[in-house]
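Subject: Structure for your files

Hello,

Here is the structure I said I would send. Please open it alongside this message; my notes follow below.

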Amino acid sequence: MKQFMSFVRKEFFHVLRDRKTLFILFGMPVVQILIFGFALTNEVKNSRILIVDQAHDESSKQLIREIEASQYFETENIVADFNQVEKVFKEGKIRVALVIPANFREDLLQNNAASLQLINDASDPNTATTLTNYISSIVLDFQMRNFPGGPKPIQIIPQLRMLYNPQLKGAPNFVPGVMAMVLMLICVMMTAVSIVREKETGTMEVLLVSPFKPLMVIISKAFPYLILSLINVTSILLLSVFVLDLPITGNILLLYAVSTLFIITCLSIGILISVRTDSQQVAMLISLMGMLLPALLFSGFMFPIENMPFPLQIISNIIPAKWYYIMVKAIMIKGLGFSAIWKEASILVAITLVILGISIKNFKIRLA
Amino acid sequence: MKETVIQTDKLTKKFGDFIATNAITFSVSKGEIFGFLGANGAGKTTAMRMLCGLSIPSSGTASIAGFDVYTQTEEIKKNIGYMSQRFSLYEDLSILENIRFFGGIYGLSKQQLKEKSEMLIHQLGLESEAKKLVSSLPLGWRQKLSFSVAVMHEPKIVFLDEPTGGVDPLTRRQFWDLIYAAADKGVTIFVTTHYMDEAEYCDRISIMVDGKIEAMDTPSKLKEQFAAPSMDDVFYQLARGAKRKE
């Protein structure tokens with residue numbers, strides 16, 4: 001035990017003296033939460049629009065005012081010449097153009113029907129669809145307010161309820177995702193690199209010749225990262241509660257329990273990498289490309305797994321981050337208890353045991 | 001007759017078809033400085049790893065400080081010190097922290113640690129540097145510190161794997177003063193080296209060629225035996241016959 005403590009203390013010295021490590025360890029979670037929270041949002045705001053007003057009547061002006069009043073659009077220019085549209089699109093200044101034809105008001109009043117043309121930059125299809133929806137709802141609004149007496153077609157209006165996230169905020173989706181990514185990065189990469197560093201500098205040999213058991217060497221190298229990762233989980237949770245206003249609806253102890261499980265999974269992956277590699281660069285590359293990237297792609301955090309081709313859906317099952325992501329979402333956002341996540345938890349336990357088994361076996365082979 | 005602390009009999013290590021160490025037999029007695037020479041790839045490191053309990057022999061027997069290399073590796077590890085050719089202290093830890101860490105994993109008590117670290121720092125004259133990072137020390141000083149750390153837990157045998165690589169002759173000489181001091185206290189020194197002037201400092205040396213020990217005696221007797229003016233020539237005569245390349 002005393003040996004273990006001197007080892008852990010030494011390990012903390014390593015971490016605390018290396019500014020780069022410190023920054024990755026504590027700066028990265030904060031930066032990621034802030035970036036995802038404030039810079040990367042799915043909402044489309046302040047899109048530049050060109051309005052071609054060929055009508056120049058009272059109705060067209062009113063419609064333009066309503067578009068300008070919404071926070072979704074910012075008017076690039078109002079012109080009368082349709083030929084401007086292509087030119088301005090080519091200059092890359094606008095995402096969308098709205099053409100109000102001549103006789104707009106007359107058509108509305110006398111024919112009960114008027115048309116508008118909406119020209120969208122569909123090179124980014126999601127944004128184009130979103131912008132179309134915004135314009136449609138503004139136009140609908142405009143119609144309802146100005147021509148309430150008009151003949152109404154039969155309408156089915158769905159009553160929507162957005163469960164768990166009524167305001168459709170991004171945070172409930174990305175906070176669990178960022179947690180999975182940060183833990184993956186810190187636990188896998190840092191343990192792998194720190195063990196391989198001892199091999200590179202030759203200190204590993206000295207440790208193996210000492211009476212300190214090889215298995216204990218590995219455990220005491222991994223242990224500090226378990227502590228540091230739990231600190232990180234705490235800081236991410238604090239940020240999400242107090243900065244992003246995302247409350248933790250479920251049991252916080254359960255949340256920490258699954259996080260600890262996932263951290264142990266990641267540590268054993270890190271150990272496996274370190275057992276199989278001999279240089280820090282290789283260890284880092286494998287951790288980044290072989291672990292972080294799949295975690296990002298297959299956790300369901302950025303791309304829905306249901307939309308993937310079947311073989312990829314199968315592959316996603318062996319990615320630990322996927323299971324952790326599902327569990328964190330269930331506990332933190334939906335407020336579910338253990339009965340809802342026991343399946344995911346057991347899968348993660350199984351993955352961990354397999355990886356640990358492989359790394360211990362490999363470690364013994366190296367020693368012989 | 002002095003007590004024997006290292007005793008091997010036909011110790012062999014094979015990797016597949018390759019025989020890295022071929023039936024080496026020798027013994028080293030307490031307090032002796034035993035030089036273990038050989039060209040790169042001759043099998044020195046493999047032999048040393050077996051003696052340290054890092055690698056299980058393929059055949060033959062060996063006992064270190066009375067313990068068997070097959071079954072009692074844990075006891076062996078408690079009774080030996082080790083310093084490798086590569087620098088083996090932590091550069092981002094201070095001198096004192098390194099001493100405390102290595103003392104700690106060898107299970108020294110707090111009281112012992114305190115006494116030992118004070119004594120060690122005093123011996124090396126590093127009082128003013130004790131709290132500085134090891135990376136700020138010149139290489140020669142690091143090697144001396146590294147050796148002192150390797151003998152801190154009072155092992156019966158110290159294994160030194162090319163301990164003075166890259167060190168200037170003057171510092172090398174000072175390093176050997178430390179080795180002599182340890183040997184005088186009864187510590188057995190098992191050292192590999194490429195420097196023939198260092199070979200002359202040893203009580204007895206063995207020269208390995210292609211996995212076998214081709215010669216073993218005191219430096220002066222070896223020179224006599226091979227009718228060579230210096231150890232350099234003895235080594236050259238033997239190593240020339242090597243079939244293995246690096």
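How many bridges join strand β7 (residues 157–161) of chain B to strand β8 (residues 188–192) of chain B, and do the two run parallel or antiparallel? There are five bridges, and β7(B) and β8(B) run parallel. One pair to look for is V158(B), whose bridge partner in β8(B) is I189(B). Please keep in mind throughout that this is a predicted model.

Chain B, the six-stranded sheet

β7(B) and β8(B) belong to an open sheet of six strands in chain B, in the order β6-β7-β8-β3-β9-β10. The pairing in this sheet is mixed. Its edges are β6 (80–83) and β10 (212–217) of chain B, each of which pairs on one side only. From one strand to the next, the twist averages 15°.

Two helices of chain B lie across strands of this sheet. Helix α1 (residues 44–51) of chain B lies across β3 (33–38), β7, β8 and β9 (204–209) of chain B, and runs at about 155° to β7(B). Helix α9 (residues 231–239) of chain B lies across β3, β9 and β10 of chain B, at about 25° to β9(B).

Chain B, the four-stranded sheet

Chain B also has an open sheet of four strands, ordered β2-β1-β4-β5, with antiparallel pairing. The edge strands here are β2 (18–29) and β5 (67–68) of chain B.

Going through the pairs in sheet order:

- β2(B) and strand β1 (residues 4–15) of chain B pair in the antiparallel sense over eight bridges. T4(B) stands opposite S29(B) in β2(B).
- β1(B) is joined to strand β4 (residues 59–64) of chain B by five bridges, and these strands run antiparallel. Q7(B) has S63(B) in β4(B) as its bridge partner.
- β4(B) pairs with β5(B) over two bridges, in the antiparallel sense. S63(B) has D68(B) in β5(B) as its bridge partner.

Chain A is divided into domain 1 (2–40 + 170–367) and domain 2 (47–146). The C-alpha centres of these domains of chain A lie 49 Å apart.

Two helix pairs in chain A are described here. In one of them, helix α7 (residues 171–201) of chain A and helix α11 (residues 280–298) of chain A have axes that come within 9 Å and cross at roughly 165°. α7(A) and α11(A) are therefore roughly antiparallel to each other. Their crossing is right-handed. Among the residues that make the contact are M181(A), M184(A), L185(A) and V188(A) of α7(A), and M284(A), L288(A), M291(A) and L292(A) of α11(A). R197(A) and E200(A) of α7(A) also take part. By class, this contact of α7(A) with α11(A) has 16 nonpolar, two polar and two charged residues.

In the other pair, helix α2 (residues 19–39) of chain A packs against helix α9 (residues 214–242) of chain A at an angle of about 25°, with their axes 10 Å apart. That angle makes α2(A) roughly parallel to α9(A). The crossing of α2(A) and α9(A) is right-handed. From α2(A), the contact is made by L25(A), P29(A), V30(A) and I33(A). From α9(A), the residues include L228(A), N232(A), I236(A) and L239(A). The contact of α2(A) with α9(A) has seven nonpolar, three polar and no charged residues.

Where chain A touches chain B

In the interface, 20 residues of chain A are in contact with 23 residues of chain B. On the side of chain A, the elements that give two or more residues are α1 (2–17) and α8 (203–209) of chain A. α1(A) gives the most, with eight residues. By class, the side of chain A that touches chain B has eight nonpolar, seven polar and five charged residues.

Regards

Methods
Residues numbered from 1 in each chain as written. Chains lettered and ligands numbered in written order. Predicted model: local features only at pLDDT ≥ 70, side-chain atom pairs only at ≥ 80, totals over all residues. Domains from an automatic or database assignment. Axes fitted to C-alpha atoms, helices over the stretch in contact; angles between N-to-C directions. Parallel < 35°, antiparallel > 145°, perpendicular 65-115°, else oblique. Left-handed = near helix turned anticlockwise from the far one by under 90°. Contact = placed C-beta atoms within 7 Å. Nonpolar A, V, L, I, M, F, W, Y, C, P; charged D, E, K, R; others polar. Pairing = 2+ DSSP bridges.
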